[in-house]
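This briefing is for a reader who is new to the structure shown below. Please look at the sequence and the model first, then go through the points by topic.

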Amino acid sequence: MASSAIGLPLRREAPARARWSQSERSRRVFLIVGSVIVAVFVIAAVVPQLFTSQNPNALYASGPLSPPSSQHWLGTDELGRDFFARVVYGARASLTMSVLVVAIGAAIGVLVGVVAGFAGRRVDDVLMRVVDLFLSFPGFVLALALAAALGRGERSVVIALSIVWWPSYARLIRGMVLSLKHRLHVESARALGAGPFRIVRKHMLPFMWEQLNARVTQDLGYALVNVAGLGFVGLGAQPPTPEWGSLLEAGLQYVANGWWLTVFPGLAITLWTLGVAMLGDGISGFARSERSVHRR
Amino acid sequence: MIAYAGRRLGWALVLLWAVTVFTFVLLHLIPGNPALVLAGMGAKKSQVHALYVQLGLNKPLPVQYLKYVEGLVHLNLGRSAVTGDAVTTDLAHYLPATIELVVISFTIYVLLAIPLGAWAARRQGRVAEAFVRVTAIIGSGMPVFWLGALFQGLFFAKLHWLPVGGELAITASAPPDRTGIYLIDSALAGQWGTFWQTILHLILPVATIVIAMLAVGLRSTRASVLQELRRPYVRTAESKGVAGVRLMAVHVMKNALNPVVSLLGLQFGFLLGWICLVETVFSWPGIGLYLYNSIQSFDYAPIMAITLLISGTFIVVNLLTDLIYPILDPRLRDRQE
Amino acid sequence: MTADVRETAEPVLEVRGLRTALHIGGTQLYPVDGVGFELRSGETVAIVGESGSGKSMTALSLMGLLPNRIAKVVGGAALLQGRDLLALNPKAMRELRGVEISYMPQDPVSALNPALTIGRQVMEPLLVHRKASRDEAESRAVELLGNLGIPNLPASLSAYPHQLSGGMRQRVLLAMSLIGRPKVLIADEPTTSVDVTTQEQIIDLLWAIQRETQLGIVLITHDLGVVARIATRVLVMYAGRVVEYGEAEEVFERPMHPYTRGLLQSVDFDEVEPRTRLFALDGNPPQLADLPSGCAFNPRCAHRVQACMEVVPELASVPGSQSLSACLLAAQGLLTPASGGPVTGND
């Protein structure tokens, strides 16, 4: 940093050191807040009973469309079901689908990316052309058509979104493989006869983590938004299974007398996306500060 | 330059071809045969049979594909099970409202995003950074349909300022049909009351879309302008005495626009993806709502048709933005790609 | 600082005690600390020094082009025909740029806007300051570019920078800075990015223009060949301060500061090859944030005595020479000629 005094690039935006300590602090805050949010949501998805004793499908005496109260924290929906339970149980469908989409998309994408990165020019070109093809369309539209064609249900949504998802991973991985391929330790590993997957796992992965982490955490949020979007139009988890997108859509009719029905599912989606993004930010900051100590 | 345009056009055609393959495959995935699907559920047996023959469903797949494309070229998109009409008829009915919404939203967005981005870049202080960061957070987290629902809740349910949805109140009558776009038609007919009503109904959907797009686009626009401000030739211009608006408009923006334009292309894609969601929230009678209804009622022909339409539009728009780049950056005109 | 009495005309640019502060990481640094010189019409003052000595910052300070969030002029005066540039408000300063005082930036590749034609960029000073109509500006641009050797006029006016070679671009920059007929031109490393032949041409052009228009040139460079050819006076900078100032020939042949001596080694003024560089010394210039106490050069100085590590020397006249030097020993006449070479490493 001291070297910035001489020959400094003349349009620096803000003093470098000041920003560093500020971002360190915010990194830590992000990490904590993000982990808490993500943890809460994941637990809600896996063990919803921990959060609520109510049954998301049972009808309650309070009647339909009763506002949030001490009895029903988020009120009841149009049929009289406890809405808090609906939202909590909704995490299961929504998050499971999102995680699956990212996992499958990443898996396929990594496979294709590694192949493209290691194979000859021809194969690489062809694969990347295919990737370009996919990436040239608005993904949501394609996924919608695909999911509709595959029939209702969570399986269709996961398949449809995964198919739309993998190309960007393929491109990312391929890029990283290509840039790392020529490093010395990789070349020597190849010379020793190591296969591409072994090389990726042992020699390249350590360098890829930061970017991958940033991408995956961001994607977990985007995936949920897309899953919820498909749920909103009626694809994905079918009633009575709660899912945040479909919950929100059902609540639209009651905007005037049941505001909680649209506010809370959307809030859940937003919180998850933010939490996951913060977690990713916190982790990458952590990793970066670890490395920069050694860099000079 | 010609070669560049030719290449882009070629790729656009490839993409169009790919979409038709996509919808073709989908038609075969749907349970039942494509003839049944495209004829719609309420169709008579004879209609289905005619379609069966027309699509060549007893012939090998490649032939079927060719016949399918042939049908597309003749704008035979099937029949809606719900309305009973040809999908093309339905589309013609619903399309104007979507065009109205999309054009207005996108125009407003572009008119706002670029100056806002430039402004936010010039003001490098805390306020601008905070503002941009907050909007970015909104953009990343909030789904567009939630934003719409919230607006509805606030401005309609709570404050009663704006209508809940639809292009016009249920009781109102539409202006005489010239373009199908109410805003234009009512103006042409001099029905200013209707005109005003349409505007009121447009406010919420447009605001939803514009804000959602700004949330994502503002940060990139600002980053792009900031990057340009750092360029050495900006200092050169200043050393000649150029400053203020002239500096920004003439020297900076031309170069800053290229990444912004490519982002615009991308965002248009988001917009196209969102119309279904936004139109559903606001019961806006456009193809998005048509799509939603079709999904609800397992009406596949419109679904496929709309997918083709939206994808096709996206391809065309991207082609146009690709052709704009050389205009903005003279270096691209001469370069051998 | 006393002026040499050879010329009696009023200086067109007189800089006194220029001090610029840089705000980095919570500390204040002074990349320009007490710089001063005089420039008369038809003269060239060359500012030389290694990277980071403060040469470019001096230029930017004079032009008012410092990045205003982190750098600011905090002292001194810069009188352009009597008007203090440093005291002007931004609007007034802007009115002078390009027409009274011009700046020719480094690196022709990035200094030109790739989206605008060169004609547009060259005409701009005239148009912005409303000194000419569009047609007049255009014919003036054609004339100037023609004199500078740009072929195919007026068609070339519609060319874009990327279509020109480096040498051509440098000429375009030159045209751009001269078209407003300024009294002073600050040329920042005009020969660094071009090949030898072009360099010769650029220098010849500068020389010719100076002869014709009595332009005052502040030449920032680290190329001794250039300095030797057109500099009237030389100002040597080190760590933000002026360490030697005097007539060009005098500084070359009888350098009065250990740093200058080290830079020039045994360079013969009349036979300096183009592209002869400085950096003949071992060691590195200090970080501004980490200046040694006393004279900034003392860690690398072979003549160092105790006082050098305690006192920051002021620029003072040297007995037996017309130059000024910021060296305690030189001021007392104790700097022996042809002394031992510079120290290497730490001591």
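Asp124(A) lies in helix H3 (residues 121-135) of chain A, where helices are DSSP runs of H or I with at least four residues and strands are runs of E with at least two, numbered from the N terminus. This is a predicted model, in which local features need pLDDT of at least 70, side-chain atom pairs count only at pLDDT 80 or more, and totals for chains, interfaces and linings use all residues; side-chain values use heavy atoms, with hydrogens and water left out. Residues are numbered from 1 along each chain as its sequence is written, while chains are lettered from A and ligands numbered from 1 in the order in which they are written.

**Chain A**

- Asp124(A) is buried, with a relative accessible area of 7% (buried means under 20%, exposed over 50%, and partly exposed in between, with a 1.4 Å probe and protein chains only).
- Leaving aside residues up to four places away in sequence, Asp124(A) touches Ala116(A) and Arg174(A) (contact means heavy atoms within 4.5 Å).
- Val33(A) is found in helix H1 (residues 16-46) of chain A, and Val33(A) is partly exposed at a relative accessible area of 34%.
- Val33(A) belongs to a nonpolar surface patch whose members include Ile32(A), Val36(A) and Phe51(A), with about 890 Å² of accessible area together.
- Such patches are made of residues with over 30% relative accessible area and no salt bridge, like charges being joined within 9 Å and nonpolar side chains (Val, Leu, Ile, Met, Phe, Trp, Tyr) within 5 Å; accessible areas come from the Shrake-Rupley method with a 1.4 Å probe, and for residues only the protein chains shown count as cover.

**Confidence and position in chain B**

- Chain B has a mean pLDDT of 82, and 95% of its residues reach 70 or more (pLDDT is the predictor's confidence in each residue, from 0 to 100).
- Within chain B, confidence is lowest in helix H6 (residues 126-141), at a mean of 71, and highest in helix H12 (residues 287-296), at 91.
- Ala130(B) lies in helix H6 of chain B and counts as partly exposed at 41% relative accessibility.

**Interfaces**

- Between chain B and chain A, the contact takes 54 residues from chain B and 40 residues from chain A.
- These two chains bury about 3,900 Å² between them, 73% of it on carbon and sulfur atoms (buried area is the accessible area, with a 1.4 Å probe, that two parts lose on being put together, summed over both).
- On the chain B side, Phe145(B), Trp146(B) and Ile295(B) lose the most area to chain A, together 16% of what that side buries.
- Across the interface of chain B and chain C, the rule finds one salt bridge: Glu124(C) pairs with Lys240(B), the closest N and O atoms being 3.0 Å apart (a salt bridge is a side-chain nitrogen of Lys or Arg within 4 Å of a carboxyl oxygen of Asp or Glu).

**Salt bridges within chains**

- Over all chains, the structure holds 20 salt bridges.
- Arg8(B) forms a salt bridge with Asp322(B), with the closest N and O atoms 3.2 Å apart; the pair links distant parts of the chain, helix H1 (residues 2-29) and helix H13 (residues 300-328) of chain B.
- In chain C, Glu38(C), Arg40(C), Glu43(C), Arg233(C) and Glu247(C) are linked in a network of salt bridges.
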